[in-house]
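Good morning. I will walk through one model today, sheet by sheet and then helix by helix. Please keep the picture in view while I talk.

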Amino acid sequence: MTVCIALVAGGGRHGKIVTCYDTLASSSLGTKSIMLKDRAVGFDWRCLTAGNEEEINAFVPLLSASMMQAKELDEVTAVPLIQDVLKKRKTQLADELTLSKWGLSFQEFRQSRAQFPDQIYQQHFDEVQRLPLRAEFIVTGFQKTKGVSYGPMMIVVRSDWSVSIQEDFCAIGEGSYLATASLMRRHYSDVKAINFGIYCAYEAKKYAESVPSVGTTTGLAIYSSDGPDKTINSGGFAELDKLFSAYGPRDVEADLNLKAKMNVWSGDKFKIEGEN
């Protein structure tokens with residue numbers, strides 16, 4: 001799958017958003033090493049994507065169309081907007097399922113309930129209910145009301161169709177648990193300085209590379225409500241690599257000695273209760 005990370009740095013209404021992600025992608029046709037996972041979906045809003053490529057390509061245009069029509073987005077209006085987009089996507093998936101089975105849209109299937117045995121109808125109705133969103137998303141941007149910016153915002157969309165506002169930082173994809181652990185280890189919060197935030201996002205992504213599905217190529221961008229968007233270039237990544245070599249998690253001598261010793265131990269060194 002992947003890892004995508006977003007965090008807020010600088011605090012307050014002038015805080016910045018840092019996004020960091022790998023570029024590895026998979027689909028029904030296989031994997032590819034380069035995929036853009038940080039997409040514009042509205043004025044001052046971005047969407048990070050993780051999961052099935054076909055699902056992403058269906059969801060993001062729906063989200064972008066709705067976000068572009070919204071003149072103002074904040075903590076009150078953004079979540080309902082995304083929930084409405086999810087309803088549209090669930091309807092599309094339901095239509096695809098019932099069309100393939102019965103040649104009916106989901107609405108027509110529901111209206112034709114009397115034509116199906118109760119058990120068959122309930123079975124397929126439950127199947128529609130269980131349809132997963134085969135991807136996860138982080139929607140980030142800057143809240144605006146009457147043209148005034150009220151600071152950065154991050155919203156996570158999970159594969160169970162849930163939508164939640166996140167503070168400080170968030171991560172999605174198969175590497176998200178390691179990325180989250182790295183950020184928690186740093187006691188990261190949105191009041192930290194931007195340089196610290198950039199490094200922490202990079203460190204979290206590098207830590208997530210322990211998961212086989214997370215690619216080693218990294219994208220990293222910084223977004224502001226009152227300035228141009230910025231990306232890290234090769235020179236910037238070289239500096240980040242130096243910091244990671246100095247301060248990132250790594251094997252120490254005691255760990256290496258333990259691994260070497262465990263590799264030569266025979267299986268009878270541990271006595272386990274209940275075994276002969």
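**Strands, sheets and helices**

Strand β5, residues 38-42, pairs with β6 in the antiparallel sense, and there are four bridges between them. Before going on, note that this is a predicted model.

Two of those pairings can be found by residue. Arg 39 has Cys 47 in β6 as its bridge partner, and Gly 42 is bridged to Trp 45 in β6. What lies between the two strands? They form a hairpin with two residues between them, and Asp 44 in that turn has a positive phi of about 65°.

On its other pairing, β6 meets strand β7, residues 135-145, in the antiparallel sense over seven bridges. One of the pairs to look for is Ala 50 with Glu 136 in β7. Strand β7 in turn pairs with β8, residues 148-157, antiparallel again, over eight bridges. There, Val 139 has Ile 155 of β8 as its bridge partner.

Put together, this is an open sheet of five strands in the order β5-β6-β7-β8-β9, with antiparallel pairing. Which strands are at the edges? They are β5 and β9, residues 163-166, and each pairs on one side only. From one strand to the next, the twist averages 30°.

Two helices lie across this sheet. Helix α1, residues 53-69, lies across β5, β6 and β7 and runs at about 30° to β5. Helix α2 lies across β6, β7, β8 and β9, at about 35° to β8.

Helix α2 also meets another helix. In general, two packed helices are described by the angle between their axes and the distance between the axes. The axes of α2, residues 78-102, and α4, residues 118-129, come within 10 Å and cross at roughly 145°. The crossing is right-handed. On the α2 side the contact includes Lys 90, Ala 94 and Leu 97, and on the α4 side it includes Ile 120, His 124 and Val 128. By class, the contact has five nonpolar, three polar and three charged residues.

Next, the other sheet. It is open, has five strands in the order β10-β1-β2-β11-β12, and its pairing is antiparallel. Its edge strands are β10, residues 169-172, and β12, residues 230-231, each pairing on one side only. Within the sheet, β2 and β11 pair over six bridges, and Ile 17 has Tyr 223 in β11 as a bridge partner. Helix α5 packs on this sheet, touching β1 and β10, and its direction makes about 160° with that of β10.

Last, helix α6, residues 194-208. How far apart should the ends of its 15 residues be? At 1.5 Å a residue the helix should span 21 Å, and its end C-alpha atoms are 21 Å apart, which agrees. Among its buried residues are Gly 197, Ile 198, Tyr 199, Cys 200 and Ala 208. What covers the buried residues of α6? The cover includes strands β1, β2 and β11, along with helices α5 and α7.

That is the walk-through.

Note on methods
Residues numbered from 1 in each chain as written. Predicted model: local features only at pLDDT ≥ 70, side-chain atom pairs only at ≥ 80, totals over all residues. Heavy atoms only, no water. Expected span 1.5 Å × (residues − 1). Buried < 20%, exposed > 50% of the residue type's maximum accessible area, 1.4 Å probe, protein only. Contact = heavy atoms within 4.5 Å. Axes fitted to C-alpha atoms, helices over the stretch in contact; angles between N-to-C directions. Left-handed = near helix turned anticlockwise from the far one by under 90°. Nonpolar A, V, L, I, M, F, W, Y, C, P; charged D, E, K, R; others polar. Pairing = 2+ DSSP bridges.
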